[in-house]
Amino acid sequence: MVLQSEMYDVTIVGAGPVGLYATYYAGLRDCKTKLIEMYPQVGGRLISMYPEKEIFDVAGHMKILARDLITQLTDQAMQYRPTVVLGERVTGLRVRGERVIELSTPNGRHFTQTAVIAVGCGAFVPRKLDIPHLIDLEGHGIHYYLPSFEPFRGKKVLVMGGGNSAVDWALSLEGIAAEVTLAHRMYKFQAHEAMVDRLLASKVKVLFPYFALKEVLGEDRVTGAVIWNERSGKEERIEVDAIVLSIGMLTNLEPFRQWGLNIVGSGIAVATDMSTNMPGVYAAGDIATYPGKILLISAGAGEAATAVNSAKEHIDAGDLGR
Ligand SMILES: Cc1cc2nc3c(=O)[nH]c(=O)nc-3n(C[C@H](O)[C@H](O)[C@H](O)COP(=O)(O)OP(=O)(O)OC[C@H]3O[C@@H](n4cnc5c(N)ncnc54)[C@H](O)[C@@H]3O)c2cc1C
């Protein structure tokens with residue numbers, strides 16, 4: 001085990017869009033900064049789940065590809081030459097003393113005066129359905145996220161879900177796939193209204209409300225689906241080559257609870273300055289929660305700036321006390 005005894009001012013855990021922006025901001029505030037990411041690449045869900053999707057709701061961009069946004073955020077973050085540690089998952093956090101926080105990973109220990117937790121939804125798995133053939137056909141037509149749209153060219157695709165992700169996937173695939181159907185089992189869409197309007201005006205066939213996936217059809221690969229209306233009980237068999245399930249994530253917050261962090265609902269509870277219940281530990285982005293929280297890149301960027309400013313104040317208060 002390597003002991004990274006060098007002390008940093010701010011260590012950011014997680015290099016998604018929020019962690020990258022926090023890294024930039026910490027550099028701007030002249031903090032000695034370290035960024036630790038468990039994957040070999042930065043970018044968070046924008047790279048692992050939707051690199052080719054267009055994003056319409058980031059300040060200053062009419063639209064931008066997720067991949068391009070991460071390139072720009074990375075360039076912005078690297079300006080002040082932070083130390084970047086890739087491929088290390090932070091598995092432990094301990095407050096060792098006043099302004100001494102120890103972060104442990106399977107490869108070693110990292111020391112820092114303050115930490116900003118920006119781990120998104122942490123260790124997550126896509127929500128699945130307990131229906132015939134779904135698990136067997138994963139990788140053979142069942143998808144939970146779309147790193148590339150090209151495999152869907154000319155195919156018939158069914159998207160399940162009614163949140164922003166599902167609506168975005170359906171619209172993104174519209175011009176590529178031969179046919180796109182979106183089925184949603186709730187009585188209301190959870191996506192942004194303008195995107196729902198766009199969906200309803202598009203060529204996507206929308207089955208809504210109360211349409212659920214009952215069965216996946218196919219032996220070696222997906223050939224169809226049985227959709228049923230939970231209200232009327234009517235079933236419909238549709239021919240499809242691929243099914244995209246976009247019905248949420250299951251998050252395991254237990255590790256953060258064990259670190260001593262206060263977990264409320266599906267995130268780490270923070271105050272308005274993004275501080276957690278542990279001194280010197282802040283949270284930002286999808287993992288941070290407070291009344292009125294929204295899970296968006298733009299909101300996370302604001303939280304990152306607040307978290308770093310608060311961390312800087314915490315560090316400066318220590319310097320004054322010396
Ligand atoms: C399909 C889809 C489409 C979306 N479209 C939009 C959109 O158009 N506009 C919008 O504003 N939002 C959109 N969102 C939401 C947006 O992706 C999130 O709000 C955003 O990714 C949150 O950023 P984050 O940095 O907090 O988390 P993430 O992007 O999840 O990044 C967290 C990072 O932390 C790393 N990590 C996790 N645990 C550890 C650990 N223990 N140690 C080290 N590293 C760790 C992860 O590997 C990851 O790189 C979409 C989400 C989905 C799923």
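Which residue in E16 is the bridge partner of Gly224?

Analyst: Glu239 is the bridge partner of Gly224 in E16. Before going on, keep in mind that this is a predicted model, where local features need pLDDT of at least 70, side-chain atom pairs count only at pLDDT 80 or more, and totals for chains, interfaces and linings use all residues. Residue numbers start from 1 along each chain as its sequence is written.

That bridge belongs to the antiparallel pairing of E15 with strand E16 (residues 235-239), which runs over five bridges. Strands pair here if DSSP finds at least two bridges between them; the strands (E, at least two residues) and helices (H or I, at least four) are DSSP runs, numbered from the N terminus. E15 and E16 make a hairpin with five residues between them, and Gly233 in the turn has a positive phi of about 80°.

E15 also has a partner in E14. Six bridges join strand E14 (residues 211-217) to strand E15 (residues 224-229), again antiparallel. Val216 stands opposite Ala225 of E15. The E14-E15 hairpin has six residues between the strands, and Gly218 there takes a positive phi near 135°.

Tyr210 is partly exposed, with 15 other C-beta atoms within 10 Å. On that scale, with C-beta atoms placed from the backbone, 20 or more others within 10 Å makes a residue buried, 12 or fewer makes it exposed, and anything in between is partly exposed.

Asp30 is another non-glycine with a positive phi, of about 60°. Its place is in the loop between H1 and strand E2 (33-37), and Asp30 is exposed, with 10 other C-beta atoms within 10 Å.

Contact means that the C-beta atoms of two residues, placed from the backbone, lie within 7 Å. Ile142 stands opposite Ile243 in E17, and two bridges join E10 to strand E17 (residues 242-245) in parallel.

The open sheet itself has five strands in the order E10-E17-E11-E12-E13, with parallel pairing. Strand E10 (142-143) and strand E13 (205-207) are at the edges with a single partner strand each, so one side of each has no neighbour in the sheet.

Ala170 and Trp169 are among the buried ones. The buried residues of H4 pack against strand E11 (156-160), strand E12 (179-183), helix H5 (193-201) and E17.

Ile243 and Ala170 turn up again in the largest nonpolar core, which has 88 residues; Ala22, Val116, Ala118 and Ala284 are the others with the most contacts inside it. Such a core is a set of buried Ala, Val, Leu, Ile, Met, Phe, Trp, Tyr and Cys residues joined through C-beta atoms within 7 Å. H1 gives the most to this core, with seven residues. Domain 1 (2-124 + 249-321) and domain 2 (128-245) both contribute residues, so the core lies between them. Those bounds come from an automatic or database domain assignment. The C-alpha centres of the two domains are 33 Å apart, and the contact takes five residues from domain 1 and seven from domain 2.

One last piece is helix H3 (residues 66-78), whose 13 residues reach 18 Å from first C-alpha to last, close to the 18 Å expected at 1.5 Å a residue; the expected span is 1.5 Å times one less than the number of residues. Its buried residues are Ala66, Leu69, Ile70, Leu73 and Ala77. They cover an arc of only 95° around the axis, which puts them on the same side of H3. That arc is taken over the directions from the helix axis to the C-beta atoms. What covers them includes helix H1 (17-28), helix H2 (45-48), strand E3 (54-55) and strand E4 (64-65).
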